[in-house]
Amino acid sequence: MMDCLFCKIAAGEIPSKKIYEDDKVLAFYDIDPKAPVHFLVIPKQHIPSADYITAENSAIVGHVFEVIAKIAAELKLEKGYRVVNNCGEHGGQTVEHLHFHILAGRSLAWPPG
Ligand code: 5GP
Ligand code: ZN
């Protein structure tokens, strides 16, 4: 996907503050953090949103959550964190490449606005 911001970040064409990378996923800090700790985990494969998760590609979601647990341990997020996926217009999705937000470092309100 030539015009996708997160594909460009995954390919290293646009710089990011990386936390973790393997052949399938990349984790990097959000450019506009909404909590003291705010990073994103994305598949390197272009999947436009959660609407496009299928039996063929859903294994990546499990891998993303494995990576989240690993990073949470490394960053010592013992007090907890929130994993968010915004999907579509009403979900507040602004970048059309599947991504999971991890927010931590303060108590988070529920339900979100
Ligand atoms: P969404 O609103 O689609 O769920 O989340 C997109 C997120 O990507 C936002 O939190 C936004 O701050 C972040 N973001 C947008 N552009 C960039 C960028 O160029 N670099 C990084 N690191 N984050 C970005
Ligand atoms: Zn993409």
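These legends walk through a predicted protein model, from the whole chain to a few close-up views.

In this predicted model, local features need pLDDT of at least 70 and side-chain atom pairs count only at pLDDT 80 or more, while totals for chains, interfaces and linings use all residues. Residues are numbered from 1 along each chain as its sequence is written, and chains are lettered from A and ligands numbered from 1 in the order in which they are written.

View 1. Starting at the N terminus, you can follow the elements in the order α-β-β-β-α-β-α-β. The radius of gyration is 14 Å, close to the 13 Å that the globule rule gives for 113 residues, so the protein is as compact as a globular protein of that length. Helices (H or I, at least four residues) and strands (E, at least two) are DSSP runs, numbered from the N terminus. The radius of gyration is taken over C-alpha atoms, and the globule rule is 2.2 Å times the number of residues to the power 0.38.

**View 2. Here is the shell around ligand 1.** The surrounding residues are Leu-5, Ser-16, Phe-28, Asp-30, Ile-31, Asp-32, Asn-86, Gly-92, Gln-93, Thr-94 and Val-95 (C-beta atom, placed from the backbone, within 6 Å of the ligand). By class, four are nonpolar, five polar and two charged. Ala, Val, Leu, Ile, Met, Phe, Trp, Tyr, Cys and Pro count as nonpolar, Asp, Glu, Lys and Arg as charged, and the others, Gly among them, as polar.

**View 3. His-99 sits in the loop between α3 (88-91) and β5 (100-104).** An unreviewed UniProt entry places the feature "active site" at His-99; such annotations may be inferred rather than shown by experiment. His-99 is buried because 24 other C-beta atoms lie within 10 Å (buried takes 20 or more, exposed 12 or fewer, partly exposed in between, with C-beta atoms placed from the backbone). Leaving aside neighbours within four places in sequence, His-99 is in contact (C-beta atoms, placed from the backbone, within 7 Å) with Phe-6, Leu-40, Val-41 and Ile-42.

**View 4. Ile-9 belongs to helix α1 (residues 5-10).** With 22 other C-beta atoms within 10 Å, Ile-9 is buried. Not counting residues up to four places away in sequence, Ile-9 touches Ile-14, Ser-16, Leu-26 and Phe-28. Take a look at the pair Ile-9 and Leu-26: they are 17 residues apart in sequence and 8.8 Å apart in space, C-alpha to C-alpha.

How values were computed:
Contact = placed C-beta atoms within 7 Å.
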